[in-house]
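Here is a quick tour of a two-chain model, written for someone who likes cut-offs spelled out. Have the sequence and coordinates open while you read.

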Amino acid sequence: MATLEINSLRKRFGTIEVLKGIDITLEKGGFLVLVGPSGCGKSTLLNTIAGLEGISSGEIRIGGAVVNDLHPSKRDIAMVFQSYALYPNMSVAENIGFGMEMRGVPRAERDQAVASVAKTLQIEHLLSRRPSQLSGGQRQRVAMGRALVRRPSVFLFDEPLSNLDAKLRVDMRVEIKRLHQTTGTTIVYVTHDQIEAMTLATKIAVLKNGELQQVGSPSEIYNRPANMFVADFMGSPAMNLLEGTVVQADGQQRIALARKDGSSIMLPVPASADPAGLKDGAKVIFGIRPEAVNDDESMDRNARSVIRFDASVEIIEPAGSDTYVVIRVAGKEVTARMRADADVRLGQPHTFAFNLDKAVLFDPATTRRI
Amino acid sequence: MSAADLVTSTPSRRGPGHSRTTRIVIYGLLFLFALVYLVPLLVMVMTSLKPLDEVTGGNMFALPRHLTFAPWSMAWGEARIGVSETRGISGYFFNSVKMVVPAVLISTLLGALNGYVLTKWSFPGHKLVFGMMLFACFIPFQSVIIPMAVILGMLGRIGVNLADLTGWSFGLGNATVNLVIVHVIYGLGFTTLFFRNYYAAFPSELIKAAMIDGASFFQIFRRILLPNSTPIIIVTVIYQFTNIWNDFLFGSTFAAGDTAPMTVALNNLVNTSTGVVEYNVNMAAAIIAAAPTLLVYVIAGRYFVRGLMAGAVKG
C-alpha cells in the first residue's frame with residue numbers, strides 16, 4: 001500500500017493556478033524528490049502535503065486515510081525546514097521534545113525519546129545548548145532530530161541543505177541518505193538541485209509551472225527524459241540538444257545533422273526512439289548527454305551503436321576528474337565529457353564519437369520524447 | 001537566526017581617523033549640550049535641598065548652604081494639594097502607579113496579540129484593519145475627550161446596575177479603571193504598530209514548525225513568539241509607561257480630587273494660589289513625579305534605541 005497518495009491535486013491562489021492536477025504515489029520507505037526551477041510549485045506541493053496550505057481540489061492520502069482537512073499536527077508527518085526553524089528560546093532537548101510536550105507525553109518518556117534520537121544523530125553533547133550556539137550542520141541535525149522523534153509515516157524536507165556551504169552540503173546529503181537507508185523512513189524532499197535529486201531519490205518528480213513533467217526513478221529521468229525540459233534540467237552539464245532531420249538513406253531511416261560545410265552527420269535512429277513517431281523529412285531534436293560524446297579511446301566498450309565525426313575543439317574546461325570539451329556540431333555548441341588526460345588541443349580538429357545507446361529524440365513541436 | 005539576534009548587534013563605533021582638533025570640537029559640543037540639558041535638573045535638585053529662605057533670597061545656581069531634606073518629606077506627605085483634604089503627593093503617586101501598571105501591561109499584551117494575528121494569521125482585509133489602527137495613532141487627544149466621556153458615562157451606569165445586582169461594580173465607574181480603559185484604547189494603535197513591525201520580520205517557518213508540533217494559537221504565542229520578543233516588549237513598555245505616566249489631559253478630565261494621577265496633583269500643588277510659593281517643595285514634588293520615567297529609561301534605555309531601530313529597519 002502506498003504511504004503517500006496525491007490524486008489530481010489542484011491549488012489556486014486567487015485566479016492563479018499554481019498546482020495543475022498533480023498525481024503522485026509513494027511507497028512505504030520510498031524517497032521522493034520534488035525538483036524543478038524556482039516558482040514551479042514544488043514547495044507549495046510540500047506545504048499542501050504538510051497541511052500548512054489548503055488545497056483547491058483533489059485528494060491527499062497518508063497511510064490510506066484522506067488528510068485533506070486535517071490539521072498539520074494530525075497528519076502523521078514531520079517537516080524539516082530550509083531555515084531549520086529551531087525555536088531560539090529553547091535548548092536543543094526542548095526543541096526536539098516540544099512536539100511531544102504539546103501532545104502531553106509525560107516528561108520521563110519524552111526525555112527517553114529525545115536521548116535515543118540524539119544518540120542516532122550523535123548530538124547528545126549538544127542537548128543543553130541553544131540553537132544560536134550551534135553550527136549550521138549541527139542545527140541541521142537538530143532539525144532532523146525534531147522530525148525523527150515523532151516517528152511519522154512521512155518525512156517532509158523543504159530544501160534542507162540550501163543554507164549550508166558546499167562541503168557540508170555533500171556531507172549532510174550522505175547523512176540523509178544513510179538515515180533513509182538505516183531507518184527505512186518514507187521521505188518527500190524538495191530541492192532545486194538536480195544532483196541532490198539524483199543522488200538521494202528512489203523516485204523523482206520534475207515540476208514546471210505547477211505541472212508534473214515526469215515521475216520516475218533517477219535512471220528513468222536521466223536516461224529517458226519525458227520531454228526536453230526534463231532533459232535540459234536534469235544533468236550537469238546539461239544534455240546536448242541538436243536539431244536534425246529524418247531522412248531515408250540506404251533503405252533505412254536516419255537522422256541527419258547538417259554541418260556548416262554542407263555535409264551532414266548521418267545517425268541511425270537511437271534504440272530509445274519509437275520508429276512509428278518518425279516521418280521522413282520531419283525535424284527532430286537529437287539529445288545526447290555529454291558523457292556519450294567522446295572519442296574512440298575512452299568510448300564505452302559495450303556501446304553497440306557508435307558514430308564518429310570530426311570537429312574542432314572550441315573550449316577546454318579541465319574539471320579535475322574529467323575534461324569538458326566544447327565543440328560545434330549542427331550549428332550548436334556540444335559539450336563532450338572526456339577523461340582528464342584526453343589528448344585534445346584548442347582549435348585543433350579531433351575525432352569524436354556519439355554513443356547512440358544513450359541518445360534520445362524529441363519532437364520539436366510538442367517537446368516530448370519520441 | 002532569531003529575530004532577537006538581529007537587533008542585538010551594535011554598529012561599529014570606530015569612525016575614520018579624526019584629527020585631534022576635530023575630536024576636541026566634537027566632545028566640546030557634546031559636553032556643552034549635555035550641560036544645557038542637565039542644568040535645569042541640577043537647579044531643581046539643588047533648590048529642593050535648600051530651606052525656603054535660601055531659595056527666595058539667594059542665587060538659583062548657588063549650592064545649598066544648609067542641606068535639608070524637609071522639602072522632600074513635605075512634598076511626599078504634608079503639602080496641601082489644591083483643595084483636597086489629602087496631604088502630600090504620595091497618594092496621587094500611587095494613584096498613578098495603580099493606573100500605569102495595568103494600562104501598560106494590558107496594552108502591551110494586546111498589542112503583541114494584534115501584531116501576531118496581523119502578521120502570522122493574516123485574514124482578508126488585515127491591511128485595512130491595521131491601517132485603521134495606525135490611524136488611531138494620529139488622532140489628537142482633545143478630539144476624543146467628549147466621545148470618551150460619553151462612553152465612560154455609559155460604563156459607569158452599567159457599573160451602578162451591576163453593583164445593584166451583584167453587589168460589585170466590577171470596577172466600572174471607578175476613576176482609575178476609567179483611566180486604564182482610556183489609556184489601553186489610546187495606546188493600542190502604537191503597541192500594535194510596534195509588534196506588527198517586529199513580527200513581520202519574525203520567521204514564519206517557526207510558526208509552521210510549531211503548528212506541525214501541534215501547538216495551538218495561544219501556545220504558539222506564549223511559547224514561541226513572546227519569549228523571542230524581549231526587545232520590542234521593552235520598547236513598548238518604556239513608550240507606554242512614559243506616555244501614560246506623563247499624561248495630564250485624560251487624568252485631569254476623567255479623574256478628579258483624590259483619584260487624580262500624579263501629574264494632576266503636581267499641577268494642583270504648584271498652582272496653589274494661597275500663601276507663599278514653596279519652590280523647594282514644588283521642585284521636590286516635580287522630581288518625584290519625573291523619577292519613575294527617568295528610572296525606566298536608565299534601566300532599559302539601551303534596549304529602547306535598539307528596539308526602535310529594529311522596528312524601523314525591518315518594518
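## Sheet, hairpins and contacts

Strand β3 (residues 31-35) of chain A and strand β8 (residues 187-191) of chain A run parallel and are paired over 5 bridges. Within that pair, A:Leu32 sits opposite A:Val188 in β8(A). Two strands count as paired if DSSP finds at least two bridges between them, and the elements themselves are DSSP runs, numbered from the N terminus: helices are H or I with at least four residues, strands are E with at least two.

Before going on, a word on the ground rules. This is a predicted model, where local features need pLDDT of at least 70, side-chain atom pairs count only at pLDDT 80 or more, and totals for chains, interfaces and linings use all residues. Residues are numbered from 1 along each chain as its sequence is written, while chains are lettered from A and ligands numbered from 1 in the order in which they are written.

Back to the sheet. It is an open one of 6 strands in chain A, ordered β6-β7-β8-β3-β9-β10, with mixed pairing.

Strand β11 (residues 240-249) and strand β12 (residues 252-258) of chain A are antiparallel and joined by 5 bridges, with A:Ala249 partnered by A:Gln252. Strand β13 (residues 264-268) of chain A pairs with β12(A), again antiparallel over 5 bridges, and A:Ser264 in β13(A) faces A:Ala258.

| Hairpin | Residues between strands | Residue with positive phi |
|---|---|---|
| β11(A) and β12(A) | 2 residues | A:Asp250, about 55° |
| β12(A) and β13(A) | 5 residues | A:Gly262, near 95° |

Chain A is assigned domain 1 (2-233) and domain 2 (240-362); the bounds come from an automatic or database domain assignment. How many residues of domain 1 of chain A are in contact with domain 2 of chain A? There are 7, meeting 7 residues of domain 2 (a contact means C-beta atoms, placed from the backbone, within 7 Å). Helix α8 (residues 228-233) of chain A gives the largest share of the domain 1 side, 3 residues.

Between the chains, 17 residues of chain A are in contact with 17 residues of chain B. On the chain A side, β6 (77-80) and α2 (92-102) each supply at least two residues, and α2(A) has the largest share with 3 residues.

Chain B has 14 helices and 0 strands. Of its 315 residues, 35% are buried, where buried means 20 or more other C-beta atoms within 10 Å of a residue's own, again placed from the backbone. Among chain B contacts between residues at least 6 apart in sequence, 74% join residues at least 24 apart.

Conventions: Two residues are in contact if their C-beta atoms, placed from the backbone, lie within 7 Å. A residue is buried if 20 or more other C-beta atoms lie within 10 Å of its own, exposed if 12 or fewer, and partly exposed in between; C-beta atoms are placed from the backbone.
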